[in-house]
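Student: I'd like to learn how to read a model like this one, feature by feature. Can we start with the ligand and work outwards?

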Amino acid sequence: MPGRRALVSILNFENTSFVKLNQSQKKSEVKVVTLTDNTGKVTGIRVNRGDQTVDYHRMNRNAAEIFNHKIGDLHDFFSSVDAFALVMKNKRILDVGCGGGACVKDLAELDLNVRGLDLHLTADMKKKSHYIEGDAFHLPFRKGSFDTLLSVWSVFKYEPLAAIPQLLAESMRVLAPKGTLLISPIFDLEKTQVIRRWCEQNQAHLFQAMPSKALQIIKR
Ligand SMILES: C[S@@+](CC[C@H](N)C(=O)[O-])C[C@H]1O[C@@H](n2cnc3c(N)ncnc32)[C@H](O)[C@@H]1O
């Protein structure tokens, strides 16, 4: 992330926690440390998984920002929040890596059936049934639970190349047949090629394979 080093140096690290996975989920210890600013406000998380550490800085984008700028180039249907809402009426939507939940809140206000999942939820979010604390690598849902997954500026962009097949397999598991995974641009040619090959080999259809564009993957 550009300027990451400078940003990290002014942050405090606190609230170390371990994400507990269900018995049925694969064992993997994930250590999550919240990143806070000088006022104690949580500005992101540091995720440690074995020898891999990734920092995520929260932007808390609302639905308009996401649909107008992050995944709006996918398809005319998704070029605005209202257009997305029309197409997604009655679909089960999960925002994976939802951050502070601004997008989830907006979509819920449009009467969409949406939930947000993140490795770290604020105390307020924990009180609301829309949100669930969980890990994109081991989603706490049965297979076929959702029609649409959103992944905006999240794990597909920041986790290493080697993690991509597992993230795709887990996303496809919880999607119903013909379900859609929408990923904001990942700006990484190699990763995009890995995604394209994975889709060719795993009954999934990738609509375009340009690293600077959002990706739309349909489960066959
Ligand atoms: C850069 S923020 C983007 C948040 C939001 N999608 C947006 O566009 O404003 C990335 C989010 O992914 C979450 N995250 C990172 N690793 C995750 C994982 N393995 N499972 C679920 N969420 C994760 C972080 O906590 C953070 O909230």
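This is a predicted model: local features need pLDDT of at least 70, side-chain atom pairs count only at pLDDT 80 or more; totals for chains, interfaces and linings use all residues.

Student: How many residues surround the ligand, and which are the closest?

Tutor: A residue is near a molecule or strand if its C-beta atom, placed from the backbone, lies within 6 Å of it. Here 23 residues surround the ligand, and the closest are Tyr56, Arg61, Gly97, Gly99 and Ala136.

Student: How do the residues of that shell divide into nonpolar, polar and charged?

Tutor: Ala, Val, Leu, Ile, Met, Phe, Trp, Tyr, Cys and Pro count as nonpolar, Asp, Glu, Lys and Arg as charged, and the others, Gly among them, as polar. In this shell you get 13 nonpolar, 6 polar and 4 charged residues.

Student: Which strands each supply at least two residues of the shell?

Tutor: Helices (H or I, at least four residues) and strands (E, at least two) are DSSP runs, numbered from the N terminus. The strands you want are S3 (42–49), S4 (52–57) and S6 (113–118). Arg46 lies in S3, and its C-alpha is 5.7 Å from that of Val32, 14 residues away in sequence.

Student: Is Arg46 buried, exposed or partly exposed?

Tutor: A residue is buried if 20 or more other C-beta atoms lie within 10 Å of its own, exposed if 12 or fewer, and partly exposed in between, with C-beta atoms placed from the backbone. Arg46 is partly exposed because it has 18 other C-beta atoms within 10 Å. Now take Cys103, in helix H4: with 25 C-beta neighbours inside 10 Å, Cys103 counts as buried.

Student: What about strand S5: why is it largely enclosed?

Tutor: Apply the burial count to the whole strand: 5 of the 5 residues of S5 are buried, so the rest of the structure largely encloses S5. Both faces are covered, with Arg92, Leu94 and Val96 buried on one side and Ile93 and Asp95 buried on the other.

Student: Which strands does S5 pair with, and do they run parallel or antiparallel?

Tutor: Two strands pair if DSSP finds at least two bridges between them. S5 is joined to S6 by 5 bridges, and they run parallel; there, Val96 has Leu117 in S6 as its bridge partner. S5 (residues 92–96) also runs parallel to S8, with 3 bridges, and Ile93 is partnered by Thr148 in S8.

Student: And where does the sheet go from S8?

Tutor: S8 (residues 146–151) is mostly covered, with 5 of its 6 residues buried. S8 runs parallel to S9 (residues 175–183), with 5 bridges joining them. Leu149 stands opposite Leu181 in S9, and Ser151 has Ile183 as its bridge partner. S9 then joins S11 (residues 215–219) through 4 bridges, and this pair runs antiparallel; Ile183 is partnered by Leu215 in S11.

Student: How should I read the faces of a helix, say H8?

Tutor: An α-helix has 3.6 residues a turn, so residues three or four places apart point the same way. In H8 (residues 189–201), the buried residues are Thr192, Ile195 and Cys199. Seen down the axis, they fall within an arc of 60° (taken from the directions from the helix axis to the C-beta atoms), so they line one face of the helix. The face turned away from that buried side carries the exposed residues Leu189, Glu190, Glu200 and Gln201.

Student: Which residues have a positive phi although they are not glycines?

Tutor: Most residues other than glycine have a negative phi. Asp111 has a positive phi of about 75° and lies in the loop between H4 (102–109) and S6. Lys178, found in S9, has a positive phi of about 70°. Asp111 counts as exposed, with 10 C-beta neighbours inside 10 Å, and Lys178 is exposed, with 10 other C-beta atoms within 10 Å.

Methods
Residues are numbered from 1 along each chain as its sequence is written.
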